[in-house]
Amino acid sequence: MSLPTLYVSRLLPPPVMAILKERFRLTGQQKTKPPSQEEVKEGLREAQGAICTLTERIDREILEEAPNLRVIANYAVGYNNIDLEAARAQGIVVTNTPDVLTEATADLTWALLLAVARRVPEGHRLVQQGEWTGWEPTQLLGAEVHSMTLGIVGMGRIGQAVARRASGFTMPILYCSRRPVSQPVQEQPWRLVPLDELLSSSDFISLHVPLTSETHHLIGARELHLMRPTAYLINTARGPVVDEAALVEALRGGRPAGAGLDVYEQEPALHPGLRSLSQVVTLPHLGSATLDARVRMGLVCIENVHAVLEGRPVPNRVI
Ligand code: DGY
């Protein structure tokens with residue numbers, strides 16, 4: 001029996017690649033770096049299914065040249081890289097990888113929050129560069145985290161996982177969401193509030209909304225100005241949710257106090273201002289980057305592709 005043809009846009013972790021090679025005829029060259037648009041087009045030309053990542057822009061033009069394509073399994077929970085309308089028009093199913101990366105992304109959100117509040121990268125550099133001359137009463141003073149208010153914008157799976165971790169820090173939670181969520185039994189209250197109230201009343205604000213036309217630049221100059229001068233902004237969602245130029249301006253003006261960023265408007269480019277501000281901690285889009293999460297994301301993609309090609313119910317269908 002001939003194997004189904006699958007375009008895989010990137011080199012995925014070895015356990016995932018091993019399964020893919022056994023079960024599919026692969027097209028494309030699986031490299032660590034992103035393929036060009038031309039390479040994506042070429043890889044999809046004959047494919048019945050595809051596993052793509054967030055760096056591949058799957059637009060109408062590309063889809064129109066993929067006549068056999070029945071499913072795109074996006075190797076991410078976000079799917080703003082895919083033109084859903086164009087996919088729908090061609091009857092192509094799109095799937096994503098929720099759940100399996102929730103805890104990893106929530107952990108990384110906390111890593112950023114703690115790192116920026118307690119100036120971890122600055123301390124690390126000081127020691128590593130041999131510039132530390134000993135303990136000082138006023139050296140690298142940071143912000144308290146425990147008991148401070150955490151504002152969560154977008155209370156989906158990842159937002160809730162971030163909120164659950166906050167109970168260990170005795171932090172009350174404010175959140176914005178389309179609908180209220182039920183809180184697990186915990187001491188600290190989770191309170192649904194309007195965005196402006198969240199911005200002006202939180203000490204740490206963490207973003208967990210998907211990127212859509214409604215959330216593009218959700219946090220701009222006005223919103224940043226509402227934040228407390230002592231507050232910190234954390235973004236592990238999508239870069240364009242924040243107006244990066246406005247953020248740089250706001251940070252230069254001293255409000256907010258700092259930012260922890262894992263995602264950027266024009267990845268991998270960084271707004272030049274973000275490089276020169278010591279109160280910013282930057283990571284290279286590592287939210288889901290644990291071996292376990294990345295393997296499970298691959299397995300979820302494989303299951304979704306099989307389900308579509310075999311006409312079974314699709315576990316993580318987006319459209
Ligand atoms: C996602 O899943 O959307 C992350 O940004 C990449 O893992």
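**Entry 1: second largest pocket**

I sorted the lining of the second largest pocket by class and got 10 nonpolar, four polar and four charged residues. I kept in mind that this is a predicted model. For the volume of this pocket I noted about 240 Å³. Next I asked which residues come closest to its centre. Of the 18 lining residues, these are Glu122, Leu277, Ser278, Gln279 and Val280.

I then looked up which elements supply at least two residues each to the lining. Two helices on the list are H5 (102–117) and H6 (120–128). Helix H11 (272–275) and strand E12 (280–282) are on it as well.

**Entry 2: ligand shell**

I moved on to the ligand. Which residues surround the ligand? I listed Leu54, Ala76, Val77, Gly78, Leu101, Arg238, His285, Ser288 and Met297. By class, I counted five nonpolar, three polar and one charged residues in this shell.

A polar side-chain atom of Ser288 sits 2.6 Å from a ligand oxygen. For a polar side-chain atom of His285, I read 2.7 Å to an oxygen of the ligand. Gly78 takes part through its backbone: a polar atom there is 3.0 Å from a ligand oxygen. I also checked the cover. On its own the ligand has 230 Å² of accessible area, and the protein covers 90% of that.

**Entry 3: His285**

Where in the fold is His285 found? I placed His285 in the loop between E12 and helix H12 (291–309). E12 had already turned up in the lining of the second largest pocket.

The His285 side chain also makes a polar contact with the side chain of Glu267, at 2.9 Å. I then set aside neighbours within four places in sequence and listed the remaining contacts of His285. They are Leu54, Arg238, Asp262, Val263, Glu267 and Arg294.

**Entry 4: cavity**

How many cavities of 30 Å³ or more does the structure hold? I found one. The largest cavity has a volume of about 30 Å³. I wrote down its lining: Asn235, Gly239, Val242, Glu244, Leu247, Leu261, Val263, Tyr264 and Glu265. Val263 links back to the previous entry, as a contact of His285.

How values were computed
Residues numbered from 1 in each chain as written. Predicted model: local features only at pLDDT ≥ 70, side-chain atom pairs only at ≥ 80, totals over all residues. Heavy atoms only, no water. Near = heavy atom within 4 Å. Polar contact = N/O pair within 3.5 Å; in protein donor to acceptor, adjacent residues only side chain to side chain. Areas by Shrake-Rupley, 256 points an atom, 1.4 Å probe, with all protein chains shown as cover. Nonpolar A, V, L, I, M, F, W, Y, C, P; charged D, E, K, R; others polar. 1 Å grid on protein atoms, 1.4 Å probe; cavity = no way out; pocket = protein on both sides within 12 Å on 5 of 7 lines; lining within 4 Å. Points joined across faces, edges and corners; volume = space filled by probe spheres on them. Helix = DSSP H or I, 4+ residues; strand = E, 2+ residues; numbered from the N terminus. Contact = heavy atoms within 4.5 Å.
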